[in-house]
Amino acid sequence: MNTLRDLDDLKGKWVLVRVDFNVPLDDEGNITDDTRIRATLPTLRELIRLGARLVLMSHLGRPNGAPDPKYSLAPVARRLSELMGTQVKLAPAVVGDEVTEMVDDLKPGQILLLENVRFEPGETTNDPQLSASMAALADAYVNDAFGASHRAHASTVGVARRLPHAAGLLLEKEVETILEVTQAPERPMVAILGGSKVSDKIKVIERFLQVADTLLIGGAMAFPFLKAQGHAVGNSLCADEDVALATTLLAHLGAGKLKLPVDLVVGPSFSADAPATVISGVEVPEGQMGLDIGPQTAEEYKGWISEAGTVFWNGPMGAFELPAFAAGTRAVAEAMAAAPGITVVGGGDSAAAVQQFGLADKMNHVSTGGGAALELAEGQRLPGVEALN
Ligand code: ADP
Ligand code: MG
């Protein structure tokens with residue numbers, strides 16, 4: 001992988017930087033967590049120190065390949081201006097005459113942020129015309145968007161092929177750290193998988209078990225397995241296709257390395273005023289949904305974590321945004337913070353949980369990438385990283 005040190009003299013050059021500014025916004029469009037913006041500041045400062053003119057691009061949310069004011073990067077441009085202490089202008093689009101003019105006007109040390117790359121339909125299809133137009137804006141390309149590097153899009157792969165390219169400091173650190181802890185982990189290696197993106201994650205479990213010695217399952221991820229074992233899941237999140245996958249996995253693997261909850265916290269709905277009930281065992285009563293792992297499960301998982309050489313965690317153990325269902329996620333986060341082994345957190349919501357509990361700096365690494373961290377950890381090659389070779 002090329003790094004910033006492999007790029008020729010950048011003095012006065014236009015550098016196109018793919019960043020991950022996909023930050024959470026509240027209903028009024030205020031940024032509720034700017035971690036991802038702050039994480040890329042070292043790369044931006046270094047490029048400015050080298051004398052470059054910066055053209056930044058990012059996605060935000062999932063607009064449908066067309067401009068949508070709801071997903072404008074305007075709040076990000078304002079926040080970045082504050083953080084960098086210099087005005088960051090926002091271009092009205094990703095490419096086009098007006099954008100080219102604004103890019104041409106940039107002085108060394110100045111920053112222009114292009115509008116949301118997913119306003120262009122060619123972004124997610126990696127359209128060659130779009131990546132050519134992107135490449136025409138600059139002399140070199142830097143990818144610092146680790147969280148987007150598992151997707152072969154125009155802004156991550158297409159444009160990299162067309163310009164001298166390198167990894168930014170954040171992407172470099174993310175890749176190095178995650179490969180380090182998964183390719184030759186201190187044993188035993190414990191992986192913790194939870195959250196609600198079950199269909200995405202359940203597919204990687206089999207490969208993950210080649211890396212990990214023990215896999216602790218929590219969150220909504222548990223229910224397809226529990227249902228496959230014949231337990232009642234009530235109204236818990238549990239898709240039929242995931243139950244089918246879980247059934248196959250259990251048949252292949254047995255229950256050896258895979259640990260499932262032994263008790264649960266249930267509630268009538270995913271809402272802040274839902275009363276929480278601890279149940280011993282894992283039969284979810286009718287009309288209820290499982291919203292957290294139970295205290296007995298949390299104790300068992302804490303034991304595995306405290307004896308691990310390496311812990312990799314992706315996906316909360318329950319609906320941690322609701323205080324009544326946050327105990328399991330908090331227990332895992334606290335156990336990791338206190339663990340003697342190497343601890344890595346990957347996953348947007350897991351990282352947010354760790355921040356919320358004030359434990360982020362007690363971990364060895366908190367990744368800015370969700371899906372990308374998971375895919376890299378279970379041994380896949382990321383197209384956006386491959387494109388930097
Ligand atoms: P990450 O972003 O860390 O990869 P996911 O996006 O997969 O994690 O899942 C995070 C979401 O999962 C959180 O919003 C949390 O409320 C939800 N969640 C966790 N456990 C459950 C559950 N048992 N039922 C419903 N939602 C859950
Ligand atoms: Mg998430």
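**Strand pairs, salt bridges and the ligand shell**

Author: In strand S2, Leu 54 is the bridge partner of Val 15. The model is predicted, so local features need pLDDT of at least 70 and side-chain atom pairs pLDDT 80 or more, while totals for chains, interfaces and linings use all residues. Residues are numbered from 1 along each chain as written, chains are lettered from A and ligands numbered from 1 in the order in which they are written, and side-chain values use heavy atoms, without hydrogens and water.

Reader: What makes S1 and S2 a pair of strands?

Author: Pairing requires at least two DSSP bridges between two strands (DSSP E runs of at least two residues, as helices are H or I runs of at least four, numbered from the N terminus). Five bridges join S1 (residues 14–18) to S2, and the two run parallel, so they count as paired. S2 also runs parallel to S4 (residues 111–113), with three bridges between them, and Leu 54 stands opposite Ile 111 there.

Reader: How do you know whether S2 (residues 53–57) is mostly covered or mostly open?

Author: Five of its five residues are buried, a word that means under 20% relative accessible area, with exposed over 50% and partly exposed in between (1.4 Å probe, protein chains only). Arg 53, Val 55 and Met 57 lie on one side, and Leu 54 and Leu 56 on the other, all of them buried. In a regular strand the side chains alternate between the two faces of the sheet.

Reader: Why is the contact of Arg 18 with Glu 123 called a salt bridge?

Author: The term asks for a side-chain nitrogen of Lys or Arg within 4 Å of a carboxyl oxygen of Asp or Glu; the closest N and O atoms here are 3.9 Å apart, so the pair qualifies. Arg 18 lies in S1 and Glu 123 in the loop between S4 and helix H5 (128–135), 105 residues apart. Arg 18 counts as buried because its relative accessibility is 0%, and Glu 123, with a relative accessible area of 0%, is buried too.

Reader: What class of accessibility do Glu 46 and Arg 49 have?

Author: Glu 46 is partly exposed because its value is 22%, whereas Arg 49, at 60%, is exposed. Both lie in helix H2 (residues 41–49), three residues apart, and their salt bridge has its closest N and O atoms 3.0 Å apart.

Reader: What makes Ser 196 a polar contact of ligand 1?

Author: A polar contact is a pair of N or O atoms within 3.5 Å, and a backbone N or O atom of Ser 196 lies 2.9 Å from an oxygen atom of the ligand, so the pair meets the limit.

How values were computed. Polar contact = N/O pair within 3.5 Å; in protein donor to acceptor, adjacent residues only side chain to side chain.
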